Amino acid sequence: MNHNLFIIAKISPKTEFFDQAKQAILSIVANTLEEEGCLQFVVHEDGENLFLYEEWRSQEDLDKHYAMPYIAPIFEAYQEWLKEPVEINKLERLA
């Protein structure tokens with residue numbers, strides 16, 4: 001069984017910041033996919049929210065990702081951009 005870390009994150013930007021948030025997240029996809037522990041990093045939207053589907057080898061790899069220099073400016077901007085905190089769901093694959 002696959003013991004990687006799976007994450008679905010829901011990011012809810014304020015309407016006026018939706019495009020900025022989307023572009024910021026899209027701008028980190030290539031760098032994130034190059035990280036050693038990242039197996040998948042996919043961005044989706046439903047018109048109001050952004051969703052990240054991520055697969056990491058371990059929590060340690062995810063923690064390293066959060067410490068990358070290209071992540072800090074986005075987390076900082078979230079303080080202004082988001083209407084609610086990011087919802088992070090860590091999942092265990094069953095089948």
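In helix α3, which spans residues 72-81, the buried residues are Ile74, Ala77, Tyr78 and Trp81; buried denotes a relative accessible area under 20%, exposed one over 50%, and partly exposed a value in between (1.4 Å probe, protein chains only). Because these residues cover an arc of only 120° around the axis, they lie on the same side of α3; the arc is that of the directions from the helix axis to the C-beta atoms. Glu76 and Gln79, on the other side of α3, are exposed. The cover over the buried residues of α3 includes β1 (5-11) and α1 (18-34), where contact means heavy atoms within 4.5 Å. Helices (H or I, at least four residues) and strands (E, at least two) are DSSP runs, numbered from the N terminus.

The model is predicted; local features require pLDDT of at least 70, side-chain atom pairs count only at pLDDT 80 or more, and totals for chains, interfaces and linings use all residues. Residues are numbered from 1 along each chain as its sequence is written, and side-chain values use heavy atoms, with hydrogens and water left out.

A similar analysis was applied to helix α2. Its buried residues are Asp61, Leu62 and His65. They cover an arc of only 100° around the axis, which puts them on the same side of α2. An α-helix has 3.6 residues a turn, so residues three or four places apart point the same way. Elements covering the buried residues of α2 include β1, α1, β2 (38-45), β3 (50-56) and β4 (87-91). Asp61 belongs to this helix, which comprises residues 59-66, and has a relative accessible area of 8%. When residues up to four places away in sequence are not counted, Asp61 touches Glu35, Gly37 and Trp56.

The protein chain as a whole contains 3 helices and 4 strands, arranged along the sequence in the pattern β-α-β-β-α-α-β. Its radius of gyration is 13 Å, close to the 12 Å that the globule rule gives for 95 residues, so the chain is as compact as a globular protein of that length; the radius is taken over C-alpha atoms, and the rule is 2.2 Å times the number of residues to the power 0.38. Of the 95 residues, 37% count as buried. Among contacts between residues at least 6 apart in sequence, 70% join residues at least 24 apart.
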